[in-house]
Amino acid sequence: MTVKEFLIINHTHTDFGFTDYPDTLLRHHNAIIDDALNLVEEEQDRPEDSRFRWTCEVSYITANWFRQASDKQKDRFRDLYKKGLLGVGAMPVHWTPLISPANAIRSLKNLHLLKSEGIDAKVAIQCDVNGLGWFWADLLLDMGVDSFLMASNPHRGMRFNDMQRVFNWQAPSGRDLFTLHGWHYSVGVNTFFFGDNDIERTQTTIDRVLGELDKRGQYPYPVALMPITNQAAPDNGFPTRGVSDFIERWNAEGRTPKLRYATVEQAMDGVRKAVAASGEKPPTYRGDWSDFWVDGVGSTAYETVLARSAERLLPVTDLLAAFAQTGDDRLLDKAADEIQLYDEHTWGAFCSVTHPDSPFTRIQLNWKTGRAHNGFALAQEAVRKEAQKRAREVVDGKIEGDFRLRRIDRVGDKVAKPGDKPLNGLPLIPEEQSYYVLNPSSVARSVRWPVVHDHAGSSPQTLLDAYVTDRFLPGMTVRNSDQPSASHIIAVDLPPFGEAVVKPVPVKPAKDIAMGESWIENANYRLEVDVRDGSIRSLVEKSSGRECASPTQPLGQLVYETLEKAGLERYGTFGGGYDWSHMETVVWPKHTAYARRTADQVKVRGARQTSMGIEITLDLGWYHGDKATITYRLPHDGPGVEVESVIHKQPIETPESFYMSFGAPGEKARISLDVGDRIIDPVKEQVLYSCEAWIAVQGFAAVETDAGALVVASPDIPVVQPFGIQTSNAGSGREGDAASLAFWVLNNHWDVNFAASQTGRIPARFRLLPQPKFDAAAARAFAETTGTPPVIVRAYESATKSANPLVKVDAPVELGARVRKGWNEGLVLTLVNHSDKAVDAKVSLPQHGIASAKLVDPIEQPKGDVPLSGGVASVTVPAGSASFVHLTLS
């Protein structure tokens, strides 16, 4: 056998739920670490190879322990860590690809705390999940992490026989992260039976598994990492006793491979040295490590909509807090923490499907969905508080929220001054007020927003009035009387990070507007719906005469999917009878037969014109009781087509899915996906054995053919299947090359945790931008400005003020930019270079000036000075990478 030594790491797999109630588990994990400290100290006198060592898997749990531990306990931890008897993983939790780059950086506060306690984690660990967003590779390297361990789960994931491989994961910047794609975290006890005293069974399993590994030739190194969790509780379990005795007996009998206890740092270092000693450089894989498990976010589809909406508000609030004189990001921290726990990989209990009405299941599912609800509410409250602070510094007089519980007369109050007379005998109405407007994006935008009802200090008091509208999110309107003005809109063109104070403008009669029974038209497009299935039958770009809809790949088609043989239930997707003692048996069926159908009934409500655009609405229905409403809108002012759908879902527990498909005409389809600070071609830029069938996007997906391109911005739905619906092939490989993007709106097909069924109204918005040729910069700007709302605060009788940027970035090519309040002082500007060449940028703060500028890492540790002259900082952003610049205001 090639492998001569196993480096054994003992840890627990961290689930926020699944085995126990999540809040209980936080206390439970504190007890796990306490127990590990005791066991490490008890076994210090053993021989070096069998001396017990413990690895703390994720930094969220370790940081939580430090927050509550006594000074004596902290000293014990630090002492054992320095002695190499305790290991610490750097990654906050096990992520789904829902986590955005901005919120990912916020989650590193846990690592920041550990560094302040003298813990310098160098290895990042991900378990259960089968992938990690590509932007993490650079982020980990920027933090000084030098290696990455992935312990995938073959259940609903990549095959066991594809695991155990070493490679360099090349980050977007071109730097390499040493990576071990190891076995599942429970393999040590579930397959190799370490510690149960049946030494012959362990030897037999080792001979079988390593013999097969040698045949495949994918691991040519003499040292391998072997994870061990507790056999009774692989997830959220205590340290495993008895393994030290097993190691001593094994080694004393001269068995192979040799066994040696290690921390994760020691184990990864041992593997790295073995690789170096081989003289052969491991392969390099460049691209996104797309996760098979990301489809589960569709099992709580409504909450995923809320979480994504809230996640986009976090950078908005950070920008406001960075510039408000009394900016405060503590509430933002709470919101971010809630959303991070939603983005974490655990969804419900191990019995969520088999016993969906058990309190054990319901409590865990409600806790998980509650993270999205709480995160959404806190994000709304945080952005309102910081928007009010900033608005008060800019406008003249009072703003919304300054009047406490004014009389509610359905119109706004005018602030009376001596000699004033009511305007036309009435109090001042919303259309006559002023509005503070902020563009929170790093690209210029034309804000077009409805003038909303003045709540006059009534509920909801913790939301901006501008966000209590369906323009912010379908379903946000709380009163029938809250309908926006039909006569005025808020309209202003703003530079990146620009702010202004404006008056609403009258709605101008739109030019070239026309409509019929099943079609609408404006100056840019003529859109005709297909009355057979509710999709777009024709979309003509009027300036070029180009037809943007395909006769063979439907545009905007809503598709319902079930198993062809419903009696198979969830085994139809996953197979069954897995033997976890032979993990190579945990594989999916090669092909699953599905039944798919479009709506059985379609009714066209007809077309109408609003202050936002001209639109046509359709009602759809299916045989089993599900219904949907789809509205296609051509905006009066702005590019593209707006698609808003709401699925009215019935509680169905048999496996099912809904897709919204967007096809394009032409041949030779190419797909581009925004996976977070990077756009990938999934055919060329995915790590080997990634999930090819469904991939999570942050902002948009695009399909390009020889006939043109279509960008689909997706504010609500993260998971897309490139080249059409791909579920039949169980995630491995792709079927066909259709010029189509199938967004996975919802599902409930998994066989372990996640909701057994979904009900109620589930919104899903899409924004379509036809292009003659795919333009990445335009696609990013389109997704950013259609996905993130502007900040709008009503200002009573304030004078108008012209647009003025808070931050100005001058560069020869487009740079992404985000601003956050510094964790101690000042602000941190993140500059993202999407190009393959280094970019020199000039940064200024036009309204404040810059007192100092320094390069920092993602957790604000200094890396060097930034040249500063005349209030302008000069920053070189490496190719394909990000730079973090700490600025203090003058």
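A residue is counted as buried when its relative accessible area is under 20%. By this criterion Asn236, whose relative accessible area is 3%, is buried in the predicted model described here. Asn236 belongs to the loop between strand E8 (223-228) and helix H9, and its phi is near 60 degrees, a positive value in a residue other than glycine. A positive phi, near 75 degrees, is also found for Tyr689, likewise a residue other than glycine. Tyr689 is located in the loop between strand E29 (679-680) and strand E30 (695-696), and, with a relative accessibility of 34%, Tyr689 counts as partly exposed.

Helix packing was examined next. Two packed helices are described by the angle between their axes and the distance between the axes. Helix H8 (residues 199-216) packs against helix H9 (residues 243-252) at an angle of about 70 degrees, the axes being 12 Å apart; since angles of 65 to 115 degrees count as roughly perpendicular, H8 and H9 are therefore roughly perpendicular to each other. On the H8 side the contact involves Ile199, Thr202, Gln203 and Ile206, which meet Phe246, Arg249 and Trp250 of H9. Sorted by class, the residues of this contact comprise 4 nonpolar, 2 polar and 1 charged.

For helix H2 (residues 59-68) and helix H3 (residues 71-82), the axes come within 8 Å and cross at roughly 140 degrees, and H2 and H3 are therefore oblique to each other. Thr62, Trp65 and Phe66 of H2 make this contact with Gln73, Lys74, Phe77 and Arg78 of H3, which by class gives 3 nonpolar, 2 polar and 2 charged residues.

The sheets include an open one of 5 strands with mixed pairing, in the order E4-E5-E7-E6-E10. Its edges are formed by strand E4 (123-128) and strand E10 (284-286), each of which pairs on one side only, and neighbouring strands are turned against each other by 30 degrees on average, direction ignored. Within this sheet, strand E5 (residues 147-152) and strand E7 (residues 176-182) run parallel and are joined by 5 bridges, with Leu149 standing opposite Leu180 in E7. Helix H6 (residues 135-142) lies across E4, strand E6 (165-170) and E7, and runs at about 115 degrees to E7.

Another open sheet consists of 4 strands in the order E38-E41-E45-E44, and the pairing is antiparallel. Strand E38 (808-810) and strand E44 (868-869) are the edge strands of this sheet, each pairing on one side only. The pairing of E44 with strand E45 (residues 872-877) is antiparallel and extends over 2 bridges; the bridge partner of Leu868 in E45 is Ala873.

With regard to the interior, nonpolar side chains in soluble globular proteins tend to be buried together. In the model, the largest nonpolar core has 185 residues, and those with the most contacts inside it are Phe6, Phe77, Trp136, Trp169, Trp183 and Leu527. Of these, Phe77 is also part of the contact that H3 makes with H2. When residues up to four places away in sequence are not counted, Leu527 touches Ser518, Trp519, Ile520, Ile536, Ser538, Leu539, Ile616, Tyr632, Leu634 and Val641.

Ala391 is found in helix H13 (residues 359-394) and, at 0% relative accessibility, counts as buried. Ala391 and Tyr435, although 44 residues apart in sequence, are 9.0 Å apart in space, C-alpha to C-alpha.

Methods: Residues numbered from 1 in each chain as written. Predicted model: local features only at pLDDT ≥ 70, side-chain atom pairs only at ≥ 80, totals over all residues. Heavy atoms only, no water. Axes fitted to C-alpha atoms, helices over the stretch in contact; angles between N-to-C directions. Parallel < 35°, antiparallel > 145°, perpendicular 65-115°, else oblique. Contact = heavy atoms within 4.5 Å. Nonpolar A, V, L, I, M, F, W, Y, C, P; charged D, E, K, R; others polar. Buried < 20%, exposed > 50% of the residue type's maximum accessible area, 1.4 Å probe, protein only. Core = buried A, V, L, I, M, F, W, Y, C linked by side-chain atoms within 4.5 Å. Pairing = 2+ DSSP bridges.
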